[in-house]
Amino acid sequence: IGLKFEIPIEGATSNIGASIEAIKNSGLDNNSETNLVFKTSQSDETLDEAMRISSAGHVGIGGSSVTTWGRNLTIKTASASSAPALTLANTATDIADDGTVGAIEAQAGSGNRIANIMFKTEGTSENSGDITFGTGAAGNPAERMRITSAGNLGIGDTDPSEAKLSITGVLSGDVGIKIDQDQDQYGLEIDHDGNANAIRIDSAATTNVAAIQAHCDSLTTGRI
């Protein structure tokens, strides 16, 4: 069962350019599971499958085996030079600085918004942008991490323009960075070739604390 669309061709008989077909999963009369298949033609009357909606509601673009993919949406290609891609496009030319161009959002339960990935403009020229990652509660995810157009990473910092990695907003009782290294190698290595200090500590502590503290459970010999 299906529909076929004829495309008029100048000086020739009309060709079949596309079709929509309802295809049963099984030949059994008591099995009504049916796929909806969309086919298109490149330049002849040979119809190739372009998209399929399975009886389970899965959508497959680029192949016929959507029922085995186990995903709500799958984009498939067999080309070594053309990888599957998904584009979110906003063609407006008046998007404000830090305006949202596109987003991917996760919801749970009865539409509760729990996390998102947002694609934002940087400036007003619509030719550079940031990616932000948000999590949260009460249906209102807040930005937790940002990657800028320059490749800077901000965790808790919405404008990490002064460092490749900027961390701010650390909660009371938490440490800013923790490295759990169980191997016989450095926990932290700084390869520094610039004419400046490799490490700078700016502390506003008002009590008697050390800027650097070393604690080794079983070290008998060592050095700082």
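Modeller: Contact here means heavy atoms within 4.5 Å. Keep in mind throughout that this is a predicted model. With that cut-off, and leaving aside residues up to four places away in sequence, Ser166 touches Leu153, Gly154, Ile155, Asp157 and Pro160.

Colleague: Where does Ser166 lie, and is Ser166 buried or exposed?

Modeller: Ser166 is placed in strand 12. Buried means under 20% relative accessible area, and Ser166 counts as buried because its relative accessibility is 16%. Ile177, in the segment after strand 12 (165-167), is by contrast exposed, with a relative accessible area of 57%. Ile177 also belongs to a nonpolar surface patch of about 1,000 Å², whose members include Ile155, Leu165, Ile167 and Ile179.

Colleague: How many helices and strands does the protein have, and how spread out is the protein against the globule rule?

Modeller: There are zero helices and 12 strands in the protein. Its radius of gyration is 28 Å, whereas the globule rule gives 17 Å for 224 residues, so the protein is more spread out than a compact globule. Taken along the principal axes, the box filled by the C-alpha atoms is roughly 90 × 45 × 40 Å. Of the 224 residues, 15% are buried, and among contacts with a separation of 6 or more, 12% come from residues 24 or more positions apart.

Colleague: Now for the charged pairs: which side chain meets Arg146 in a salt bridge at 3.0 Å, N to O?

Modeller: The general idea is that side chains of opposite charge can pair when their charged atoms come close. A search of the whole structure finds seven salt bridges, and in the one you ask about, the partner of Arg146 is Asp98. That pair links distant parts of the chain, 48 residues apart, with Arg146 in strand 10 (residues 142-147) and Asp98 in the loop between strand 6 (73-75) and strand 7 (100-108). Arg146 is buried at 4% relative accessibility, while Asp98 is partly exposed at 33%.

Colleague: What does the salt bridge between Asp130 and Arg146 tie together?

Modeller: The closest N and O atoms of Asp130 and Arg146 are 2.8 Å apart. Because Asp130 lies in strand 9 (residues 129-135) and Arg146 in strand 10, the pair ties together parts that are 16 residues apart in sequence. Asp130 counts as buried, at 6% relative accessibility, and salt bridges with shared partners join Asp98, Asp130, Glu143 and Arg146 into one network.

Conventions: Residues are numbered from 1 along each chain as its sequence is written. This is a predicted model: local features need pLDDT of at least 70, side-chain atom pairs count only at pLDDT 80 or more; totals for chains, interfaces and linings use all residues. Side-chain values use heavy atoms; hydrogens and water are left out. Patches are made of residues with over 30% relative accessible area and no salt bridge: like charges are joined within 9 Å, nonpolar side chains (Val, Leu, Ile, Met, Phe, Trp, Tyr) within 5 Å. Accessible areas come from the Shrake-Rupley method with a 1.4 Å probe; for residues, only the protein chains shown count as cover. A salt bridge is a side-chain nitrogen of Lys or Arg within 4 Å of a carboxyl oxygen of Asp or Glu. Helices (H or I, at least four residues) and strands (E, at least two) are DSSP runs, numbered from the N terminus. Buried means under 20% relative accessible area, exposed over 50%, partly exposed in between (1.4 Å probe, protein chains only). The radius of gyration is taken over C-alpha atoms; the globule rule is 2.2 Å times the number of residues to the power 0.38.
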